[in-house]
Amino acid sequence: MAAYVRTRDGCFPVLPWPAWRHIACGKLQLPEDLAWLYFETFDLLSTRSPEERLGWAESLSQCADPKELDLQRSKLCVDTSKFLLFLYLQQLNRMSLRTSLIGDEWPSPRSPSPCSEREAKNSSRSKNWDDRAHLSFVHTHLEDLLGLLVEPGQLSGSGQALRDSQLIHRIADTAASSRLQVSLEAAQALSLLLEGSLGPGHAVHRVHKLLNQAPLQAEAGYSESSRSFSLQQLLHWLRGKLTANPFGMTACLHSGTKLTWAQQMEGEMRRARIVRNTHLAPPGSGMLLMSQVFQQTLAQDSDKLTGANIKIHRCSQAFIYLLSPLRSVSVEKCRGCTLVLGPVETSLHLQGCRDVRVVCVAGRVSVGASSRCTLHTLTPTRPLLLPGNTDITLAPFHTHYPALEDHMGAAGLAVVPDLWDRPLLLGPDGLTAPPPRPASDTDPPAPCYRLLPPTEFCPLTVPFAMEGDTGEVPGGLPPAYRAVLEEKERRIQDLQRMVSDSQLSPEQQCQFQEVVTQHFQKWLRETGHIQELSHLASQAQPEEAR
């Protein structure tokens, strides 16, 4: 593919959606929805201002039919070199896009491979937070990654020139490998992967900015006459400088600041770890790790969390409110938790969770190997359901807090389009169509998800006082859910009116109030809300992280 895009008009240095669709669907035999998934995800991770993202969302929301939508998508372009690196990086996880870059085609429409639920769960285990896996992968595959950036003039007529760069480790002493070069402009694509500094205590920069420094250029094999690096020298220089991410999860655990939360209690929180490095990390790399929080209600709306990457790990029976604009959120191996999150700029991912409820606005939502989880989301992209899921419920976003719309603007997220109810099901062999819902016990099994029936819908109230102007759910509720909510409100008003008109004696009023209270307390116990209320009673509003 690298050779193809560099030798075709209109594919380099930027790749428009129609060109990628032609390659993905025509050459790689991928479904169009999957091709768009990769293209859209890469754009979501690209650096764009909130204003640009809001403008793009407005353009999509104005499309009246699929033809207009396709025309609008055709205007989207991505950096070709960075997109090639992005596709190659999918090998980091086992379930990945195996293109001709590594000799396999994925997903293969001709050779489906059955996969049990256990295998699906194992295959979906993510390495996205494993700093050692990142370092090992880049160190091992750096040669091929650089090979994707060689200049078009070095490509053979047959379009197979990248073979030379892929075989440098075998023919390092040949003249062919020594001639391969990476231009200064092409090297900018490495900033998708690498950043660094001139030394301890110095500012962190993307790697292409470091490679503009004269002393480092000489070490990396830069030639002023050709304005390019020798691929071999650049490879050896980068390998010698590679180190684990000093702002990754491992480093955060060892050197991050431990937080003392307002609701921390001796005994129940002894095993909990809540750590952040947002005061040390450069923009986009800040992290908050929450692990093993048990039977607690935790709430934060601190500026220290703005733009942070959140990892919530092995929490149980906890109610967690993080009401700040966030960059990404990963929820792993949690049980019986409710998570109410501020707008998530890039992605919200659930992995290996059970009985978890998540409420948030997010650029991308994905779920893997989870069961009995409910997601109340507002998202401009189709939710991605990975292998191993059972009993996933998708529902509309149904809450608000005063600063929500301001936070959405800061994250570049609009109220439309909202595709919460149009999931993509991704199996071991690519996209799968959801089977029909069973009509009897002899019919095929139901799909791994359902849309929340309007009759089961209840709104959620964020129980904290904050500054801001948002007084209702942004964009409102879907008509079917709004109608059910209005009907419930009418029934409550009718009951109140009936009680008022019944002319109960003071003694009867007390008896009636006692019956209502008993039923309400029973409902609180059965739903588990009584635990949350008992914790909320000790605080009036969230405090800043310390």
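Predicted model: local features only at pLDDT ≥ 70, side-chain atom pairs only at ≥ 80, totals over all residues.
**Figure 1. Contact between helices α17 and α18.** Gln 521, Trp 523, Leu 524, Arg 525 and Thr 527 of α17 meet His 529, Ile 530 and Leu 533 of α18. By class, this contact of α17 with α18 comprises four nonpolar, three polar and one charged residues. Helix α17 spans residues 506–527 and helix α18 spans residues 529–536. The two helices pack at an angle of about 100 degrees, and their axes lie 5 Å apart. Because angles of 65 to 115 degrees count as roughly perpendicular, α17 and α18 are described as roughly perpendicular to each other.

**Figure 2. The protein chain as a whole, shown for orientation.** The protein chain contains 18 helices and 23 strands. Of its 546 residues, 47% are buried. Among contacts between residues at least 6 apart in sequence, 53% join residues at least 24 apart.

**Figure 3. Helix α3 and its buried residues.** Helix α3 is formed by residues 32–45 and has 14 residues. From its first C-alpha to its last, α3 reaches 20 Å, close to the 20 Å expected at 1.5 Å a residue. The helix is mostly covered, with 11 of its 14 residues buried. The buried residues in α3 are Leu 34, Ala 35, Trp 36, Leu 37, Tyr 38, Phe 39, Glu 40, Thr 41, Phe 42, Asp 43 and Leu 44.

**Figure 4. Helix α6 and the elements that cover it.** Helix α6 consists of residues 80–89; eight of its 10 residues are buried, so the helix is largely enclosed by the rest of the structure. Buried in α6 are Thr 80, Ser 81, Phe 83, Leu 84, Leu 85, Phe 86, Leu 87 and Tyr 88. The elements covering these residues include the helices α1, α2 (17–27), α3 and α8 (131–147), together with the strands β1 and β2 (77–79).

Figure 5. A cis peptide bond joins Phe 12 and Pro 13, with omega about 10 degrees. Pro 13 is found in the loop between α1 (2–6) and β1 (14–16). The peptide bond from Val 416 to Pro 417 is also cis, and its omega is near -5 degrees. Pro 417 is placed in the loop between α15 (404–411) and β21 (424–427).

Figure 6. Although Lys 333 is not a glycine, it has a positive phi of about 55 degrees. Lys 333 is located in the loop between β14 (328–332) and β15 (338–341). At 40% relative accessibility, Lys 333 counts as partly exposed. Gln 503, likewise not a glycine, has a positive phi of about 55 degrees. Gln 503 lies in the loop between α16 (479–501) and α17. With a relative accessible area of 73%, Gln 503 is exposed.

Figure 7. A disulfide is a covalent bond between the sulfur atoms of two cysteines. A search of the whole structure finds zero disulfides. Cys 25 has a relative accessible area of 23% and is therefore partly exposed. Cys 510 has a relative accessible area of 53%; because the cut-off for exposed residues is over 50%, Cys 510 is classed as exposed.

Key:
Residues numbered from 1 in each chain as written. Heavy atoms only, no water. Disulfide = S-S within 2.5 Å. Buried < 20%, exposed > 50% of the residue type's maximum accessible area, 1.4 Å probe, protein only. Helix = DSSP H or I, 4+ residues; strand = E, 2+ residues; numbered from the N terminus. Expected span 1.5 Å × (residues − 1). Axes fitted to C-alpha atoms, helices over the stretch in contact; angles between N-to-C directions. Parallel < 35°, antiparallel > 145°, perpendicular 65-115°, else oblique. Contact = heavy atoms within 4.5 Å. Nonpolar A, V, L, I, M, F, W, Y, C, P; charged D, E, K, R; others polar.
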